[in-house]
Each structure stands twice: as structure tokens, then as C-alpha cells.
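This briefing covers the interfaces, domains and local backbone features of one assembly. The sequence and structure come first, followed by notes grouped by topic.

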Protein chains: 4
Amino acid sequence: MTVNIGVIGTGSIGSDHIRRIGEKCRGGRVVAVSDLDQERAAAIAARVDAKAFPSGAELIANAEVDAVLVASLAPTHAEYVLGCLAAGKPVFSEKPLATTAADCERVVAAEQAAGRRLVQVGFMRRFDSDYRQLKAALDGGEIGDPLMIHCVHRNPFAVESYHSEMATTDTAIHEIDAIRWLLDEELTSVQVLTPRKTSRRHAHLQDPQIMLYASDSGVRADVEVFVNCQYGYDIQCEAVGETGTARLPDPARLSVRSQARETRAVPQTWQERFTTAFDVEIQEWIDAVAEDRTSGPSAWDGYAAAVIADATVKALHSGGIESIPMPARPGFYD
Amino acid sequence: MTVNIGVIGTGSIGSDHIRRIGEKCRGGRVVAVSDLDQERAAAIAARVDAKAFPSGAELIANAEVDAVLVASLAPTHAEYVLGCLAAGKPVFSEKPLATTAADCERVVAAEQAAGRRLVQVGFMRRFDSDYRQLKAALDGGEIGDPLMIHCVHRNPFAVESYHSEMATTDTAIHEIDAIRWLLDEELTSVQVLTPRKTSRRHAHLQDPQIMLYASDSGVRADVEVFVNCQYGYDIQCEAVGETGTARLPDPARLSVRSQARETRAVPQTWQERFTTAFDVEIQEWIDAVAEDRTSGPSAWDGYAAAVIADATVKALHSGGIESIPMPARPGFYD
Amino acid sequence: MTVNIGVIGTGSIGSDHIRRIGEKCRGGRVVAVSDLDQERAAAIAARVDAKAFPSGAELIANAEVDAVLVASLAPTHAEYVLGCLAAGKPVFSEKPLATTAADCERVVAAEQAAGRRLVQVGFMRRFDSDYRQLKAALDGGEIGDPLMIHCVHRNPFAVESYHSEMATTDTAIHEIDAIRWLLDEELTSVQVLTPRKTSRRHAHLQDPQIMLYASDSGVRADVEVFVNCQYGYDIQCEAVGETGTARLPDPARLSVRSQARETRAVPQTWQERFTTAFDVEIQEWIDAVAEDRTSGPSAWDGYAAAVIADATVKALHSGGIESIPMPARPGFYD
Amino acid sequence: MTVNIGVIGTGSIGSDHIRRIGEKCRGGRVVAVSDLDQERAAAIAARVDAKAFPSGAELIANAEVDAVLVASLAPTHAEYVLGCLAAGKPVFSEKPLATTAADCERVVAAEQAAGRRLVQVGFMRRFDSDYRQLKAALDGGEIGDPLMIHCVHRNPFAVESYHSEMATTDTAIHEIDAIRWLLDEELTSVQVLTPRKTSRRHAHLQDPQIMLYASDSGVRADVEVFVNCQYGYDIQCEAVGETGTARLPDPARLSVRSQARETRAVPQTWQERFTTAFDVEIQEWIDAVAEDRTSGPSAWDGYAAAVIADATVKALHSGGIESIPMPARPGFYD
Ligand SMILES: [Mg+2]
Ligand SMILES: [Mg+2]
Ligand SMILES: [Mg+2]
Ligand SMILES: [Mg+2]
């Protein structure tokens, strides 16, 4: 009953998932790997007792592979996901599902044509225990109907290759999915504020940025993205409803009193903050595959995030309010 | 050396200040009062051993009156403040300094003509211990140069007479002044977001609202105003700088663990939250008057707040980004 | 209707109260002062427009003096309080009421003989807003019947003249009164634990110490006294009841995130922590005197604290469990 | 390289560990189980594809079993651990190592005779992330040399079969081990305070209790055990050192503001609080076995806890201060 998993892409996130499947999760094993760098694929395959394939396509085609995890470079995601759909195999795609909304649409169309849900997209916030408490509070009516969501996404430092559009596509993308999921509705417009740039950044980068979204029902969500905040990795989210508010807790850390101060450490990396969420994410995917069920963020969620991200990048450049051209969600994805 | 104070307006805030001067502050005493309702003025005068005057003008003119506190209806503030300036007497005006920017300008012009600073405007946040810690952290470079300020101003309920413009003129006005003071620079543009309206409000009211400001140097400040939040009076402010953040603490309240929950009370009124700030505000005004010094928010601050409030109301109605037509600050106010 | 107050003792705490009465409280004024150091008394008298008396006895006898505040050296408290009782004048005595239980008994006897309550003792914790919330939670049944109280009393540094007995008589004495007040019952036995001494103390001092008390009904209270804790002035109190717990909050302080840490300042002095409680204490005393009422900790509370302190010091030296020889409280003090 | 594990005892904690090894941990698999209830053993064996053995002795003897996890009834622990030592097999024993200090001594003697460390005892606090931060702060000198430790161990409800001695042997036993580990020294004396009993308990039970320990160097540790506190499962630990304090954080939980209160949920079970610690505990044991290393709490730690527990129970009954007759630790356990 073990799910035999093929992993395409053995870079940082790919190896992380391979280790996760082998060491932290139950019910699955990595039987196949592939990578552009075939030597690396071979080395990892040897280590985990899997088979290395010369290409993702061959890995997907292999009969021993029950399900595929795509962790290759972002521009190749769509091709591999489409390959899996063609082969009728369940596939977990790291975010983004594709680098263009058009490619996401192709995936969505192919999955509907296949007649059943096979794709899960890697938005791991939905698997974090704190976010799940927040979602439960919203769904349980603890704060009444939502009116506003305030989000903060801060990283201590960004590398030079991180450019202004990535504030949306790599960073706020997590909040984009989280907001859609928390509200259970679509976003309809976006605007991007560009505060004075921090001096502690590479010169080409607009950092920080504030994204402003409106939802179908008129909920307003704001997302502060600040990827050179120096002091830590800091994720905040407060939902404001008609009768109350709910706010993610800060991670629990030892409280030390000394030298006239009370201090607690602030996490420095997303790994510190979200490792457990990634474990749960992959575990629930394996469980769903084993039981032939659907679970987690769908291809539609990946597509919607891409549409919203496109509009957000457009808004960054235009400085104006951009509407988000979201088609109606097919019943297939209800 | 006691400062003899005349109080114009003996309504809710006026009587509060009279009690404050008599019971909480040192160095001043109320010797004169006036009110449209002359019976009320007489009753209060009798109680505190002061003299009741038939009009504010006569109170200002009285030789025994060293300094004047204006707590009458907002539309009358400018007239009384101008009267004090004409008489060369120090005056504390409750906010707003005037109900139009034009009237504020008249005050500013008259004060400059008088040749010395005589006016303090009642923005009491600047006297709150938590805000002062925040100001000190900013001025002391603890978080580096500021980039963003996030403010929240929530009240449990608004009365029916509270209308949409008052979200700016009565509520966000405190944040408008606080932001200018914290940043020590002017605001240049404003936009107002109008989230879905809470069902728990009077029908005419846009509640909540989110005001978005930009400053001279490009700092972005956002202010959530939500005056029917049901759960309490909740003031939040977080400044984000190039190297760190500083955030007002929540008021200290007993922590109780019972019935599977840890709970602490949330303040319900501005009195609970800011009474001490009012005490300090009036005390420092009396001290300044006694020592012939200038202190606290100036007429220029009152004028600037009026200009910003006007632009904010305009932005609420236009739905667009409005520039704030702020003249350069005269050296007189440095 | 102003209460004319005579202050005996113009040292640190005496001048503090003089300033408090003049500047922070309403309804009272200092009309007379005396001090062993007659020059100091004269200087202060001149400053606040009061009369200096050559002795406490003469001050008490003066017809203009309505009520007396005793802030002289501790060994003289009893004499002055007895003098006030003889003169039929209300008196506020700084803690301790007397330096021996026998002297406290004399005060209690004299007050009963006088036939009405005239004495308030300076245990200011009862006037602190946080403690009052705790008392209200206990009295309101929010945590059920109390079973345990955990107290912490830490100071950053102790001067060389601070000796081991003072951990009880100057420091834990506040918790002794607070525990009696919170529980509304008497303490019956005491034991003192002597942990390894901190190296950061003067050699003669046992620091820290842990006092263990049992009450009439079997509630157990522990008090950690640590007067060289280096990092700050830290007061903690948690009551544990049959259905829940209640805990004093830490003072609200700005939260700063920088350099991988979240920090908030810890108060360094009792003034930072309890200044407002002192203001309320003296204000409520003045109000009570003006209205011929009784208020606050009584002579009996001063006596009970002395009896408990004596037993605590005995326990420190014996290392064993000492019973507390508390007589039944006369109905006069109910 | 997979460690083949035999599990003796398939009750609540035994099945929990079987599931943990199969689903959460890497590097080990359950190949053998035994239980007094042979039907249950057979059912579980079938489920996890292991072999059921009629007795623990036969399981230990089986050549396929590399290492043994003992989770049977407490009185049988020593026998199985001794069997493993005789067979030269690594063994993880749930706490207690044995139900008498004499039996623990036999284990310690047998392990020394075997010439290498084979036993790990199930004190899982040492594997909890918060406790590890606390240990690191102590070891890193962040608070100076320790002087006091304050512990709280509260459960919402105790079953009727829970008796007064179990406050030590089942509850405080975790703090006993944690204190020894945090301080890295032995405890020398103990006293037990018995507060007024809560009305919300079974009649025979002394609840709450406060255990007072002294260490070799004079550190004082107190442990409040309150197993019918009603409101939740609450574990607290504060270490006080010469220059500062360090305190375990409360578990992070969503903060909700509504109905005039801010609330967060309090955990209700040890599973909520310590499940991850158990996962880490077993993972590190498997890793150590695989690498032929020693790790975690030793047989000596199990023995020391038993000696301290015996003295604590004696102190509960005597009401006095009991010395803890701890032999010097053999160099074998350094
Ligand atoms: Mg992901
Ligand atoms: Mg004001
Ligand atoms: Mg006092
Ligand atoms: Mg265990």
C-alpha cells in the first residue's frame, strides 16, 4: 500500500522533500528521481535506494512510479504536471503551478479533461497549525463575517537575484493563497504601494511593498512584504470580523530576563517557522494519494494565484488599481 | 505662581478638564467658566469656586484670567482662540483647532502676528507613555529610519449621529497627528479604502475605513478605523524601520486561566486607555504657561491636521488618491 | 474642606509624599512639617508654604493640623502614631507601624481605647491597579477558592546596609500584607528556605530567600525574595484556585524587534512600578479623612504584619517551621 | 541499516510508540511485539507486519530483534531491561526504569557489568524544544549560575485510581528528571507541602502538593503538582540565575479578541503539549542504536529519579525534610 513516488528536481527543495518522504512521512517512498544534473540525480538515487531517470518524462512514464512530486525549476512545472495528467498519475507541484497564467489554464483544462482531480499545489501555509486555528476561528464564526485581513511577510535579507516582481511571485504568493483560502472567495482588484526603499537592499529592488486586495464580497486585505527587514523571518496575519479579531501567535520562544530587558528570539528562516507545515503538507498528500482522494490546494488554486500574481505585478508597474480577471470557478473544483 | 485658568465650554470634556485641573494637576486653578448654557456654567462655577461669565469673550477679557482652555463646540474654537491671541493669553484648544482649514490658517496667521507661540492643541496621544516610548525608540534610532507605520483605531460602538466623515475628523485625526509627530515630517497624499460595511452599524455609515497616507520622504502609513468592532476600544501602532520594528504594548491586564482558556480584559473606553495621557497633557500645558514656555502640539499642528483631514474626507468621497496641499511650515513653528 | 496635613519626617519618602500631596492629590495640603534635621524641615516648609515645627509632638499638637503623615525613621513611628491617637487625629503611618510587635500592640490597644479607627498603614500594594484586579478576581470567584499563591519580589541590587532580616522586614513585608489581604485570612506558620547565595551580593547577606507560609484554611503561599537579581525590579504574583489561576501582568512596555530578538524593557525601580499606587494610596487616605471614614490597611494589619515578620525572621534563623502567634482579631477591626 | 525493534507491551503508550516508529520516525521498524494480552499483541502484529511473541523473554531472545522498547506495566520494566542487558541488546524503557530503587540498582549494576551503556529511560522532557532552549540558556551562561527553579505541573482532572503517591511517581517524576538535567547535579533533600485540598478531587487524594528540593550546590527547586486544576494541562518552568531568569514559553495559540476579552486556548492534554517531544525522543534513540551510540537519560538517571521519588513519598508521609540517600555516580555514567 506504500505510495511509490518519483521526484523531479533534486535541488534544495527537492532534496528536502526526498528527505521528508524518507524520514518524516509514512506511507510513501521515493523510488525514482530525475534532475537536469544527472550526476546529482544519480548520487541522490543511490543514497535513498531509488532509480535515477535521464528525464522527467521517462520518470513519469515508469510503471513503478505511482505519483510524482515536481520540484524542478519553476518554468518546467507545467510541462511535468501536464505529463502526469496525461499519464493519469497524481502529482504534487511545488509552487508555482506554472510561471504564466496561460500555462496554469492549460493544466486546469487538462485536469478537467482527465475527469478527476490529480494535482496538488505546494501552498504549505494551509497545513500550518496556527493558520489552521485561524481558519477554524473564521469558519466557526468566532469573529463574525470577515471584513479585513492584515498580513505581514518579512525576511531578514534578500539575495541580489531577488527582484521587485518576486515580492509578489515568490513572497506575497503565500499570502495570496492564504487569503483566498481563509475567505473562501476570490480577489477582484489589487493595488501596490511602494514605500520609501530601505537603504539595506540591492539597488534595483523595490523593498518594502504593500499589496492591497479587495475580495468579491468587499473584504480588504493588505500584505506588507519586506524582505530586507534585518531582524528576522516574521509572518503575521490578523483577521478582523464583525464581532472580533483573530491573530496568529508569534512562535513560542524561551523568555529570558537579563540586563534590564526581557527578550525572546525571533525566527530567522522560513525553515524554523514552517518545517512542520511542510511535513504535514507532504504527509497529507501521500495519504490522499494512497486513498485515491483529493486534498489540499488544487490546480485551480494554483491558477487563481497566478492570475492574482499577474495583476499584482501589473499594479506594481502601473501604480494604479488593477482588476483581477478571474474566470468563474468550474464546478469541477468545488 | 498659580495659573488662573478660564474654561470656555462646560460640557463633557470641559467638565472633565475642570475636574482634572482641580483634582489631578498642580499649579493651576479654574477661576472662570462660561457656557452657552449659563445655568450649567453657574452651577459648575459655584462648585469649584470660580466665576461664571456670560460669554467666552468676556471670560477672555477678564484680567484675572491668565490662560484659557477652550472646550466648547468645535465650530466655536477658532473664534475663542483668536480672541485669546488678540488678548495675548495662552490658550489650550481641544481638537479640532477649527472646523475648516481656512479658520486654522487665520489662527496660524494671528499667532505669527502676535509674535510668540500661545496656542496648544489637544492631541493627547503625544502625552501617552506608550506613544512616548515609541517616539523615543524612533528618535533614538532603535529601529533605523522609518519606512511604514501601521495603525488601528477601534471603538466598540458608534452612536447614530456619527457619520462617515467623522471616521476622519473625530477618529483618525488622532493617528494623523501621531503619525506626523512620530515621523517629524508632513503627509503628502491620501487614499481611503472602504471595506465591506459591517452589519453592526447605523445604515448611513461607512465602517470600517482604511486611510492610506504617504509622507514627504515616502513613508507609508495606514490607519484602520473601525468604530463598531463590538469587542472593545483597541489602539494599535507599529512602526517599521530599516533595522527593526517597534509596537505599542497592549494595556496590562490580569491574566486569568480558567475553562480551558487564558483571558485578559480588553479596555472598553478611551477613558480607560488614555485618562493618564489627558492628565499629563493638561499638566504640561499648565507648567509651560507658568514658565512662559511653549509645549505640545502647536497651532500649526492643528492646521496641518485640518488640511490632512480635509484631503482625507475628499479621498473618501472621490475614491482616488488625493494630494495634500500643505504649505511649507513657517520657521516660526520650528 | 481641605485637609490640613502635618508631615513628620522629610527624608526621601517624606518629601515624596509632600510633593505628592501638593502636586498629585486633591483635597489636602501640607501645612506643617518636622524633622530631626530642623534645617531640612525649614527649607521644605518654606518651599511648600508650610510651617516647620521643632518636634513631631508639637506638630501633632498644633490646632491647624487636621491629620498627620508619619514618614520618619521606623523606630519612631509608634511614638508619633500613639501621639496622634492621644490627640484624636487621623494618622497615616508609613510601614512599618512599629518596629516591634509589642509596640504595634500598644497602638492597637490605644486605637481601641480611642473608640474609633484613626490609623492607616502604608501598604501600597492594595492600591495598585493590577493587585486590585487580582483581588477582584478572587473575590468574584473567577478562580474558585484559593489554594496557593506564588509571589516573586526581585530588586536589581541591595546596598551594603541591607541585611538578611530586611528580606522580611523591608521586602517580603509587602507580600505578607498582600497575601493576608488577598486571602482575607491570617497566616499561621512560616518557614524560610535559604538557597545558595548569589555571588553578586555583600558577603553578610542571605540572598535569595524563599518564605513559605500557611494560612488558617491551609492555603500555601511562597515568596521568593531576591534583592540582587541584577536585571530589574520584578514583582510577580499568581493565585491558584480550585477552578483557575490569576496572575499579575508584567508592566506594559514597548515591544521592539531588532537584531534577531524581540525585547521589552523591565522596570528598574519600585518607583517605576508603584508610583501610581502611592498616589492612589495617599489620595484615598485624604478622601477618607475628609469624609471622616476609615479606609485602607488598619493598625491591625500593621500589627499582624509585624507578628508575621517576627516569626519569619525567627524561621530564617532556626531553619525550622515556626508557628505564628496571632491573637484573634478584635471585632473593632472587622 | 534499519533498526529492527521489538516492543514489549502494546497498551496505550506501547501502541503509541509502535505508531510513532512506523509513521513518524525514520531508520527503525517494529518487527516483534508481545503483550500479556496475546490476542491484542497478535492483532497489532498483523497490522504492522510484525511477529507476535508469547512472552517478552522470547521476544528479547529472538535473533531478528536488534533493540527493545519496553512499554509494559511498570512492575515488569526491570525484568525486561535486565533481560536485554543479559542479551546485550539496547533497550528503551518507558519511565519508571523500575518501581523500586533496589530494582533500579540491579539494572545499573548489570549494565556496568555488561561493560557498555545499553539503556535509555523515557524522560521525554529532555527532548522538548522549549526545555532544550532553557537548557541551552543555562549551559550558555545567559542567566549566570542557577539559584532557584520554579516548576508547575497541572492536569485538568485525575482519575479515581490516581493516589497521593502518584503525584510524585507519575507526575513530579518528570520535573525531578528535568531539574537534575537542567542543573547537572544531584538533589540532596526533599520536603512536601500539602496545601488545603481542592474540593474537586476524589476524597482520598492530597491535591495539590508542593515538592521542595535542594541540590548539591544549594540550588532550591519547587514543584507545584495540581492534577485537578480543571482548566488545562499547564507546564511551567522558570530558572533563576545570578544575572537573569529564563522561563518556558506558553504554547503558541491563536489570539482571539471578542466579547470584551482577549483569549487563547490552553492545552488540555499532555499529548497536545509533548507529542513532538516523544517523536524526537524515539527518533534520537533509534539513531543512537543505529550508530552504536549512547544518548538520552541513562539507567543512572532512572535510578536517581527512583531514589528521589522514594524520598519524596517518604517526605509526603512524614511531613518533614527527608535527605535523599544518593550514592556517588559511577564514572561509567559520566
Ligand atoms: Mg510550498
Ligand atoms: Mg485631546
Ligand atoms: Mg508603602
Ligand atoms: Mg516518557
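Chain A is assigned two domains: domain 1 covers 3–125 + 276–304 and domain 2 covers 129–269. The model is predicted, and local features are reported where pLDDT is at least 70. The notes start with the contact between these domains, then turn to the chain contacts and to some backbone details.

**Domains of chain A**

- The C-alpha centres of domain 1 of chain A and domain 2 of chain A are separated by 27 Å.
- Domain 1 of chain A puts 9 residues into the contact, and domain 2 of chain A puts in 12 residues.
- About 1,000 Å² is buried between the two domains of chain A, with 49% of that area on carbon and sulfur atoms.
- On the domain 1 side, A:Lys95, A:Phe123 and A:Arg125 account for 66% of the area buried against domain 2, more than any other three residues.
- There are 3 salt bridges across the interface of domain 1 and domain 2 of chain A.
- A salt bridge links the side chains of A:Glu284 and A:Arg132, with an N to O distance of 3.0 Å.
- Between domain 1 and domain 2 of chain A, 6 residue pairs are in polar contact, counting pairs with both residues at pLDDT 80 or more.
- On the side of domain 1 that touches domain 2, α8 (270–290) and α9 (299–318) of chain A each give at least two residues.
- Of the elements on that side of domain 1, α9(A) gives the most, with 3 residues.
- The side of domain 1 of chain A that touches domain 2 of chain A is made up of 5 nonpolar and 4 charged residues, with no polar ones.

**Chain B against chain A**

- In this contact, 39 residues of chain B meet 39 residues of chain A.
- The two chains, B and A, bury about 2,800 Å² between them, and 55% of it is on carbon and sulfur atoms.
- The interface of chain B and chain A holds 4 salt bridges.
- B:Glu242 and A:Arg196 pair through their side chains in a salt bridge, at 3.3 Å from N to O.
- Polar contacts across the interface of chain B and chain A come to 13 residue pairs, both residues at pLDDT 80 or more.
- Elements of chain B that give two or more residues to the side touching chain A are β7 (146–154), β8 (187–193), β9 (209–215), β10 (220–226), β11 (234–241) and β12 (244–247).
- The largest share of that side of chain B comes from β7(B), with 5 residues.
- By class, the side of chain B that touches chain A has 14 nonpolar, 14 polar and 11 charged residues.

**Symmetry of chains A and B**

- Chain B superposes on chain A by a rotation of 180° with 0.0 Å of shift along the axis, at an RMSD of 0.1 Å.
- The two copies are therefore related as by a two-fold rotation axis.
- The copies meet through the same surface, because 100% of the interface residues of chain B are also interface residues in chain A.

**Chain A against chain C**

- Here 15 residues of chain A are in contact with 15 residues of chain C.
- Chain A and chain C bury about 1,300 Å² between them, and carbon and sulfur atoms give 48% of this.
- The residues of chain A that lose the most area to chain C are A:Tyr231, A:Arg257 and A:Glu262, together 43% of what the chain A side buries.
- The count of salt bridges between chain A and chain C is 6.
- A:Arg257 is paired with C:Asp250 in a salt bridge, and the closest N and O atoms are 2.7 Å apart.
- Chain A and chain C also have 10 residue pairs in polar contact, both residues at pLDDT 80 or more.
- The side of chain A that touches chain C takes at least two residues from each of β11 (234–241), β13 (255–258) and β14 (261–265) of chain A.
- With 5 residues, β14(A) gives the most to this side of chain A.
- That side of chain A divides by class into 4 nonpolar, 5 polar and 6 charged residues.

**Backbone features**

- Most residues other than glycine have a negative phi, and most peptide bonds are trans.
- The peptide bond between A:Lys95 and A:Pro96 is cis, with omega about 0°.
- A:Pro96 sits in the loop between β5 (91–94) and α5 (101–114) of chain A.
- In chain C, a cis peptide bond joins C:Lys95 and C:Pro96, again with omega about 0°.
- C:Pro96 is in the loop between β5 (91–94) and α5 (101–114) of chain C.
- B:Asp184 is not a glycine but has a positive phi of about 60°.
- B:Asp184 lies in the loop between α7 (166–183) and β8 of chain B.

Conventions
Residues are numbered from 1 along each chain as its sequence is written. Chains are lettered from A and ligands numbered from 1 in the order in which they are written. Side-chain values use heavy atoms; hydrogens and water are left out. Contact means heavy atoms within 4.5 Å. Buried area is the accessible area (1.4 Å probe) that two parts lose on being put together, summed over both. A polar contact is a pair of N or O atoms within 3.5 Å; within protein, one must be able to donate a hydrogen and the other to accept it, and residues adjacent in sequence count only if both atoms are side-chain atoms. Helices (H or I, at least four residues) and strands (E, at least two) are DSSP runs, numbered from the N terminus. Ala, Val, Leu, Ile, Met, Phe, Trp, Tyr, Cys and Pro count as nonpolar, Asp, Glu, Lys and Arg as charged, and the others, Gly among them, as polar. Domain bounds come from an automatic or database domain assignment. Copies are superposed by least squares on the C-alpha atoms of residues with pLDDT of at least 70 in both.
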